Amino acid sequence: MSTQQKPVIALTLGDPAGIGAELIARLLARPEATQRANIVLVGDEWLWREGQRVAGVQVATQAVDSIEAVRGRPDTGAPAWLAMDTIEPAQVHVGQAEAAGGASVLRVLNACMDAARDGHVDAICFAPLNKYAMKLGGLGHDDELHHFAKYLGVTGYFCEFNTLGDLWTSRVSSHIPLKNAAAALSIDGIKDATRLIYRSLQANGVAEPRVAVAAFNPHGGDGGTCGREEVDIIAPAVRQLNDEGLPVQGPFPADTIFLKAQAGEFQAIVTMYHDQGQIAIKLLGFSRGVTVQGGLPIPITTPAHGTAYDIAGQGKANLDATWQAFLIACRMGLSHRAAHAPAA
């Protein structure tokens, strides 16, 4: 891929007290990273040095004054480096969620979103963050996805995808109490979640995604004898999606639907609530899972695991999920760039 064809991918170092900087150092030490993308790393210089020290690598970078300068670089063999001053070393206590760390994460992410909004970045891949630290540091939303959506002016449907290799999941409800999950189901909500994951898989390079919709109740409701959500809400939503031309299938009982996906029958599953999909995905491959922020105007990805405070600074972090998050950002960033390229 030529220099000018590569997507511009913004990388961040994540929570300063976690394993993020180490992970990004390991990622950028792989030569194939810069072969796939024109990368700009954004963060604090001392934290980047520390990440390389912990990872036991040294990565050459090319300093830039702004993210705007990244796309036109004649040589993308080394990552671009945009230094920010968001936090002092003395403010960080490794393995602890603190306000200063959360505020640092928000400043860096906001800078990347500003660049994306201005067309200078094609995708963002961020290292693990901590929601509690971010809330201490000023996050005014339930989670980072809602912050992204508000910051980028999203007014339509958005949701979080969890992926593992070729298998993606979306969910109709997310960070709400389980007792509220049934009330959160609606035909429109299921249709929105399904349409979004179908389109997102296409942006990830899957021409005709095979998508299944999960049931809500045990045994898929047993024809309405064990709950009527399948009869009254889920099945009608699937029929309406089929009428729109989306060849999705379901509802399938949740205790067997992932066996079908594991056998290769489906590439995506629309789940009805958070743990219905998360438990299965994490059991199938916790160290390789990726979270994709769906419904935003810019692709944003991150490893599905957290900051791993318990092993921060020890050089033990597993790169697999971060590498997969980066690869998805590259593929979706390439699609995003093509879709927004000026007409010839």
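**Overall form and the setting of strand S7**

The secondary structure of this chain consists of eleven helices and twelve strands. The model is a predicted one.

For 344 residues, a compact globule would have a radius of gyration near 20 Å, and the chain agrees with this because its own value is 20 Å. Along the principal axes, the C-alpha atoms fill a box of roughly 60 × 50 × 35 Å. Of the 344 residues, 53% are buried. Counting contacts between residues at least 6 apart in sequence, 73% join residues at least 24 apart.

The accessible surface is about 14,600 Å², and carbon and sulfur atoms account for 50% of that area. The chain carries 27 positive and 34 negative charges, whose mean positions lie 3 Å apart.

Strand S7 can be followed in detail. It spans residues 167-171, and five of its five residues are buried, so S7 is largely enclosed by the rest of the structure. Burial applies to both faces: Leu167, Thr169 and Arg171 point one way, Trp168 and Ser170 point the other way, and all are buried.

S7 pairs with strand S6 (residues 159-164) through three bridges, and these two strands run antiparallel. Within this pairing, Thr163 has Trp168 of S7 as its bridge partner. S6 and S7 form a hairpin with two residues between the strands, where Gly165 takes a positive phi near 60°.

S7 is also joined to strand S10 (residues 268-271), here by four bridges and in parallel. In S10, Ala268 is the residue that stands opposite Trp168.

Notes: Residues numbered from 1 in each chain as written. Predicted model: local features only at pLDDT ≥ 70, side-chain atom pairs only at ≥ 80, totals over all residues. Heavy atoms only, no water. Rg over C-alpha atoms; globule rule 2.2 N^0.38 Å. Buried < 20%, exposed > 50% of the residue type's maximum accessible area, 1.4 Å probe, protein only. Contact = heavy atoms within 4.5 Å. Areas by Shrake-Rupley, 256 points an atom, 1.4 Å probe, with all protein chains shown as cover. Lys, Arg positive; Asp, Glu negative; His and termini not counted. Charge placed at Lys NZ, Arg CZ, Asp CG, Glu CD. Pairing = 2+ DSSP bridges.
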